[in-house]
Amino acid sequence: MNRVEEAGALSAYRRCAEISATHGRTYFLAARLLSPDRRRAVHALYAFARHVDDIVDGQAKDAALQLDLIEKRLRERLDMRDPGHPGDPILFAVSHTILRYDIAPEHFWTFLDAMRMDVPGSALFRNRYATMTDLRQYMRGSAAAIGLQLLPVLGTVVPLHEAEPAAAALGEAFQLTNFLRDIAEDLDRNRIYLPIEALSAFDVDEPLLAHCHHTGITAPRLRRALAHLIAVNRDLYRRADTGMAQLDPRVRPAIRTAAILYAGILEEIERSDFAVFSHRAVVPTRRRLLIAAREFAKGARYPRRPALGA
């Protein structure tokens, strides 16, 4: 790149960092524990996912067409092995990141297909999930794929494929936490991302969810259903934690920080007595900073082994 192109590239990555700082506070804080190059790549991946998610959540009539166009442009840049012009900051930054870290493009096509499942009128559209198995099929693209996108950026001390199950589990754990926190917001969009089968086991149906949303009060039987799903969510975090030792030691503090902070949302939901309809569960800033500082201090003691995927 010449100086003008380099300036454009830096501007593109700065734009991605701004998006991450505004919309992904946990990821942004955790990314601060990474090296500058890895941090920029994480911001690029987050900004791309956020941009696509905003298109879908905006419920524009042409959302499906917009997703098709994004996929077409990204495929063109990757086929040419050229990130293109920095004038389109998010597309440039994510293309540059994919090429630099040799991330498998299939993870992005899987992600985009999952986003199409949220678009009414799409052949893939779904807004209800009968079982956890059905929901995990959605999360394979919406969440696990993002964990797999991140893995080559973070680097591993084992062959990449050995670290993939834990990375996918962490992505799913984050996603399920979002679903539990954002029940009201999803209902506003006529979506239910909790398995109907699991809710029914506690005598929770859609009319009850609508009533709780309207009144802002979580019914006792819904509290029990949420407690069950939180236990399921924590199991995903436990499975993901087994993969921490497979990551480059230099990135473990950042990923562990993100996992602890996101799992902390579950604690906040419990602390509020499952009041998910009256306020949004957030880990307090002071606790977030203390956890980040603690994990960074631990990271200074990690053994330094060469990473295979960096």
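Biologist: What makes a residue pair across the interface of domain 1 and domain 2 a polar contact, and how many pairs does the rule find?
Modeller: The rule finds 11 residue pairs in polar contact across that interface, both residues being at pLDDT 80 or more. A polar contact is a pair of N or O atoms within 3.5 Å; within protein, one must be able to donate a hydrogen and the other to accept it, and residues adjacent in sequence count only if both atoms are side-chain atoms. The model is predicted, so local features need pLDDT of at least 70 and side-chain atom pairs count only at pLDDT 80 or more, whereas totals for chains, interfaces and linings use all residues. Residues are numbered from 1 along each chain as its sequence is written, and side-chain values use heavy atoms, with hydrogens and water left out.

Biologist: Where do the bounds of domain 1 and domain 2 lie?
Modeller: Domain 1 covers 1-125 and domain 2 covers 126-301; such bounds come from an automatic or database domain assignment. The contact (heavy atoms within 4.5 Å) takes 28 residues from domain 1 and 34 residues from domain 2.

Biologist: Why is the pair of Arg189 and Asp57 called a salt bridge?
Modeller: The definition asks for a side-chain nitrogen of Lys or Arg within 4 Å of a carboxyl oxygen of Asp or Glu. Across the interface of domain 1 and domain 2 the rule finds three salt bridges, and a search of the whole structure finds 30.

Biologist: Are Arg38 and Asp248 buried or exposed?
Modeller: Buried means under 20% relative accessible area, exposed over 50%, and partly exposed in between (1.4 Å probe, protein chains only). Arg38 has 8% relative accessibility and Asp248 has 1%, so both count as buried. These two residues form a salt bridge, with their closest N and O atoms 2.8 Å apart.

Biologist: How do you know that Arg128 and Glu206 are partly exposed?
Modeller: Arg128 is at 23% relative accessibility and Glu206 at 38%, so each value falls between the two cut-offs. Their side chains meet in a salt bridge at 2.9 Å, N to O.

Biologist: What label do Asp273 and Arg223 receive?
Modeller: Asp273, at 43% relative accessibility, counts as partly exposed, and Arg223, at 24%, also counts as partly exposed. Their salt bridge has an N to O distance of 3.4 Å.
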